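Here are a few exercises to work through with the model open in your viewer. Try each one yourself before reading its solution.

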Amino acid sequence: MIPTLEWLPEGVNFLDQTKLPLEETYVLATDYKQVATVIRDMIVRGAMAIGVSGAMGVALGIQQSKAETLSELSAEVDEICAHLASTRPTAVNLFWGIDRVHDLYNSLAATKTPIPEIKAAVVALALEMYDEDIANCRQLGAHGAELMPQQGTVLTHCNAGALAACGYGSALGVIRAAIERGHKIDVFADETRPYLQGARLTAWELMKDGIPTTVLCDNMAAHLMKKGRIQAVIVGADRIAANGDTANKIGTYGVSILAKEHGIPFYVAAPWATLDLATAHGDLIPIEQRNPRELTHVNGKQMTPDGVSIENPAFDVTPAKYISAIITERGILRAPFEESIAAMALDKVIAAA
Ligand code: MRU
């Protein structure tokens with residue numbers, strides 16, 4: 001399994017995704033501020049991976065605190081959470097991860113649990129969330145496998161694989177699960193400008209697993225769809241609004257329109273933690289703007305004239321009407337998404353009661 005991130009006695013160890021595919025090196029974050037830097041600089045990236053990284057960052061900050069009273073510690077925990085939450089705005093999993101550890105802290109602090117016990121409990125939760133991510137991806141993979149063609153080529157955009165999670169992946173998890181069940185699938189990986197998650201990361205991890213992979217430029221999908229060379233599209237998600245509108249890597253929206261035009265199913269695969277029921281529709285999802293240098297330079301080499309103006313939104317929103325199904329570990333959601341999402345959320349509440 002690809003070790004995207006790992007909790008170690010001395011901190012959190014991250015596979016440096018900025019160096020892939022040419023170098024397999026690790027960055028050890030020894031305090032929560034370093035975890036925040038690793039997230040902001042995209043050494044770790046992908047919604048599920050940054051969710052668990054955020055949780056581990058909070059746990060690390062609490063574990064290393066020198067506070068002697070709960071009121072001192074509570075003030076520190078607020079600061080730790082705010083610092084980690086300021087790193088990237090779009091993937092809701094980051095806030096979900098931070099809040100889950102923060103909520104546990106608050107409930108233990110409210111009952112005056114001794115500080116050493118709190119420290120052990122928050123670390124245990126962060127480790128549990130790591131295992132849960134892998135289990136959820138395997139489960140959603142099992143649900144989604146049946147939607148994959150028995151034989152054919154599936155297009156994916158960005159990297160929604162082991163590297164974007166804790167080791168199996170959402171969109172690529174579905175592809176892995178289908179192949180484990182005997183489907184004969186080839187993958188087209190959009191290169192995914194400007195950060196090249198497809199060319200660098202998806203291609204790297206699929207080749208490691210021996211899954212036949214071809215990298216495409218982002219502008220080739222229409223041509224290949226028209227030629228009948230793509231049987232399905234599957235992508236991950238950074239945030240899914242209550243009506244099914246889905247934020248994912250910039251360029252996903254365009255691919256969804258192309259798929260609709262060519263009658264090709266367009267699937268979104270994401271753990272339930274990516275659903276943001278508090279956000280009614282996609283226009284309300286904050287879109288991260290990243291450094292123009294990601295566009296102006298490739299491998300340190302300038303590609304654009306000095307001083308030209310640059311747009312660099314890292315994500316776009318695919319309207320629910322272009323999505324054939326949303327695959328989660330709880331099951332498969334179909335249109336009308338507003339209703340199917342609300343019903344699945346309710347089922348969980350009833351099951352927990
Ligand atoms: O900017 P990134 O590389 O963090 O963006 C990642 C994506 O857009 C993925 O497709 C998304 O997180 C889904 S996979 C968990």
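Throughout, contact means heavy atoms within 4.5 Å. This is a predicted model, where local features need pLDDT of at least 70 and side-chain atom pairs count only at pLDDT 80 or more, while totals for chains, interfaces and linings use all residues. Residues are numbered from 1 along each chain as its sequence is written, and side-chain values use heavy atoms, with hydrogens and water left out.

**Exercise 1. Work out how domain 1 and domain 2 meet.**

Step 1: get the bounds. The chain splits into domain 1 (5-139) and domain 2 (144-352); such bounds come from an automatic or database domain assignment.

Step 2: count the contacts. On the domain 1 side, 31 residues touch 31 residues of domain 2.

Step 3: take the area. About 2,800 Å² is buried between the two domains, and carbon and sulfur atoms give 57% of that (buried area is the accessible area, 1.4 Å probe, that two parts lose on being put together, summed over both). Within domain 1, Arg45, Met48 and Thr90 lose the most area to domain 2, together 22% of what that side buries.

**Exercise 2. Find the salt bridges between the domains, and the elements that domain 1 brings to the interface.**

Step 1: apply the rule, a side-chain nitrogen of Lys or Arg within 4 Å of a carboxyl oxygen of Asp or Glu. Two salt bridges turn up between domain 1 and domain 2. Look also at Arg88 and Glu288, whose side chains pair up in a salt bridge at 2.9 Å, N to O.

Step 2: list the helices (DSSP runs of H or I, at least four residues, numbered from the N terminus, as are strands, E, at least two). H2 (47-64), H4 (92-110) and H5 (115-145) each supply at least two residues to the domain 1 side. H5 gives the most, with seven residues.

**Exercise 3. Is Met42 buried or exposed, and what about Asn299?**

Step 1: check the backbone. Most residues other than glycine have a negative phi. Met42 has a positive phi of about 60°, and Asn299 one of about 50°.

Step 2: Met42 sits in the loop between H1 (32-40) and H2; Asn299 is in the loop between S12 (297-298) and S13 (301-302).

Step 3: Met42 is buried at 2%, whereas Asn299 is exposed at 82%.

Notes: Buried means under 20% relative accessible area, exposed over 50%, partly exposed in between (1.4 Å probe, protein chains only).
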